[in-house]
Amino acid sequence: MKKIYIISTYTGTVLAHLIRRISRKPYSHISLSLDKSLNTMYAFGRINPKNPLIAGFVEEGVNKGLYEIKKNTICRVYSLEIEDYKYQNLINNIAKVKENRNLYNYDLFSLITIPLGINRQPKLGYVCSTFAADMLKKSDIHLFDKSYNFVQPNDFYNLNGLTLEYEGLLREYTDYNMEYKIDFVGQNNL
């Protein structure tokens with residue numbers, strides 16, 4: 001069994017604020033990570049952290065990308081334990097998008113159609129939540145009873161099957177993670 005991590009964030013950007021206001025939920029962005037450190041998180045978002053108009057497939061991290069600039073980003077880090085073959089499927093599916101990132105686009109229209117419940121399935125376009133949901137579904141990880149193209153960031157909020165690992169400032173996650181490792185190691189030595 002392996003663990004994957006699903007990260008909900010709110011950065012306070014204009015777009016994040018707009019999504020939060022429309023959804024009336026606390027978080028506006030979703031990323032996936034394959035390891036607890038969150039050094040690499042996969043999502044659809046700003047390619048250039050200083051320019052919201054250039055978006056697509058991104059590799060974020062606790063202190064990289066937009067999070068390097070937005071120091072007061074709040075987050076919830078969830079974990080999900082999955083079978084090894086599903087973990088490998090997820091690696092492969094993310095790798096396919098990464099290798100072909102120039103073919104994919106940030107589907108701005110989905111920011112309007114998803115909250116309105118309009119069925120839209122762009123062939124090579126995602127927003128953060130549809131990317132995460134589609135990667136999970138294609139990896140045989142079924143969390144939703146609806147199509148990936150209707151999934152919103154806050155559909156992951158307190159979702160059954162996910163374990164809340166951390167809630168707070170994203171920049172403090174590293175410190176929290178180190179404390180956890182020290183405590184865990186200390187317990188093993190007893």
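Guide: Contact means that heavy atoms lie within 4.5 Å. By that rule His29, leaving aside its neighbours within four places in sequence, is in contact with Ile7, Ser8, Thr9, Ala43, Phe44, Glu60, Tyr67, Cys128 and Pro153. The model is predicted, with local features needing pLDDT of at least 70 and side-chain atom pairs pLDDT 80 or more, while totals for chains, interfaces and linings use all residues. Residues are numbered from 1 along each chain as its sequence is written, and side-chain values use heavy atoms, leaving out hydrogens and water.

Visitor: Where is His29 found?

Guide: His29 is in strand 2, which covers residues 29-33. Strands (E, at least two residues) and helices (H or I, at least four) are DSSP runs, numbered from the N terminus.

Visitor: Why does His29 count as buried?

Guide: Buried means under 20% relative accessible area, exposed over 50%, and partly exposed in between (1.4 Å probe, protein chains only). His29 has 13% relative accessibility, so His29 counts as buried.

Visitor: What makes Asp134 buried?

Guide: The relative accessible area of Asp134 is 3%, so the term buried applies. Asp134 sits in helix 5, residues 128-138. Not counting residues up to four places away in sequence, Asp134 touches Tyr126 and Tyr148.

Visitor: Why is helix 5 said to be largely enclosed by the rest of the structure?

Guide: Because nine of the eleven residues of helix 5 are buried. These are Cys128, Ser129, Thr130, Phe131, Ala132, Ala133, Asp134, Met135 and Leu136.

Visitor: How does helix 3 pack with helix 5, and at what angle?

Guide: Helix 3, residues 84-99, packs with helix 5 at an angle of about 130°, and their axes are 8 Å apart. Axes are lines fitted to C-alpha atoms, for helices over the stretch in contact, and angles run from 0 to 180 degrees between N-to-C directions.

Visitor: What makes helix 3 oblique to helix 5?

Guide: The angle of about 130° makes helix 3 oblique to helix 5. Under 35 degrees would count as roughly parallel, over 145 as roughly antiparallel, 65 to 115 as roughly perpendicular, and the rest as oblique. On the side of helix 3 the contact is made by Leu90, Asn93, Ile94 and Val97, and on the side of helix 5 by Phe131, Met135, Leu136 and Lys138.

Visitor: Which residue with a positive phi follows helix 5?

Guide: Asp140, whose phi is near 70°. Asp140 is a residue other than glycine. Most residues other than glycine have a negative phi. Asp140 belongs to the loop between helix 5 and strand 8, residues 163-169.

Visitor: Is Asp140 buried, exposed or partly exposed, and why?

Guide: Asp140 has 30% relative accessibility and therefore counts as partly exposed.

Visitor: What is the phi of Leu38?

Guide: The phi of Leu38, also a residue other than glycine, is positive, near 60°. Leu38 is in the loop between strand 2 and strand 3, the latter covering 41-48.

Visitor: How do you know that Leu38 is buried?

Guide: Leu38 has a relative accessible area of 0%, so Leu38 is buried.

Visitor: Why does Ile22 count as partly exposed?

Guide: The relative accessibility of Ile22 is 48%, so Ile22 counts as partly exposed. Ile22 lies in helix 1, residues 14-23.

Visitor: How many residues apart in sequence are Ile22 and Leu136, and how far apart in space?

Guide: Ile22 and Leu136 are 114 residues apart in sequence, and 25 Å apart in space from C-alpha to C-alpha.
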